[in-house]
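Hi everyone, thanks for coming. Let me put the sequence and the model up, and then I'll walk you through a few places in it.

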Amino acid sequence: MTYYQSPVGLLQIAGTEHFISEVLFIDEPDKITPATDDKDLPPMAIQAVEQLIEYFHGQRRFFELPISQKGTPFQQRVWNELMNIPYGKTVSYLEMAHRLGDPKVIRAAAAANGQNNVAIIVPCHRVIGSNNTLVGYAGGLPRKKWLLQHENKIAHGVQTLF
């Protein structure tokens with residue numbers, strides 16, 4: 001486990017030598033577990049930090065990291081579908097349900113989206129309300145807004161979404 005101080009706050013990054021399993025926002029840094037000594041970090045954690053730095057500097061639009069999260073088969077489908085939302089774009093929760101093959105799963109898809117433990121890399125921040133409003137983000141709506149504006153600025157210039 002390691003930490004990265006990003007423009008949207010402290011991130012806790014965890015995984016193994018083979019995959020990343022967590023990228024979580026830390027709102028109470030005084031309650032964190034001490035980070036692993038850098039020389040003991042698995043290469044995957046180092047790669048994750050490097051790729052996150054590139055993302056925040058506008059040099060990376062997609063992540064090339066193996067991800068492994070524990071979840072139900074439905075949650076896995078939702079998380080996989082999140083990876084198909086292009087950088088700088090958004091989809092609504094209803095559109096996400098349609099992509100999953102059933103508009104009736106909108107609430108279940110939203111709940112699975114909220115259970116994503118690999119923030120930013122699995123881009124759950126790219127899912128918005130059907131009326132183009134910012135709704136639901138485990139990291140908080142100000143972070144979601146920042147991430148969407150950051151991506152939009154890099155992808156399309158200086159215009160903003162919200």
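**The pocket, the core and one arginine**

Strand 3 (20-26) and helix 4 (106-114) each supply at least two residues of the lining of the largest pocket. Helices here are DSSP runs of H or I with at least four residues, strands are E runs of at least two, and both are numbered from the N terminus.

A word on the source: this is a predicted model, where local features need pLDDT of at least 70, side-chain atom pairs count only at pLDDT 80 or more, and totals for chains, interfaces and linings use all residues. Residues are numbered from 1 along each chain as its sequence is written, and side-chain values use heavy atoms, with hydrogens and water left out.

Now the core. Its 37 residues make it the largest nonpolar one, and Leu52, Phe56 and Ile120 touch the most other members. Helix 1 gives the most to this core, with 6 residues. By core I mean buried Ala, Val, Leu, Ile, Met, Phe, Trp, Tyr and Cys residues joined through side-chain atoms within 4.5 Å; buried is under 20% relative accessible area, exposed over 50% and partly exposed in between, with a 1.4 Å probe and protein chains only.

And the arginine? Arginine 99 sits in helix 3 (residues 93-99). Why does arginine 99 count as partly exposed? Because its relative accessibility is 33%. Beyond its neighbours within four places in sequence, arginine 99 is in contact (heavy atoms within 4.5 Å) with Glu81, Asn84, Ile85 and Val91. From serine 21, arginine 99 is 78 residues away in sequence and 24 Å away in space, C-alpha to C-alpha.
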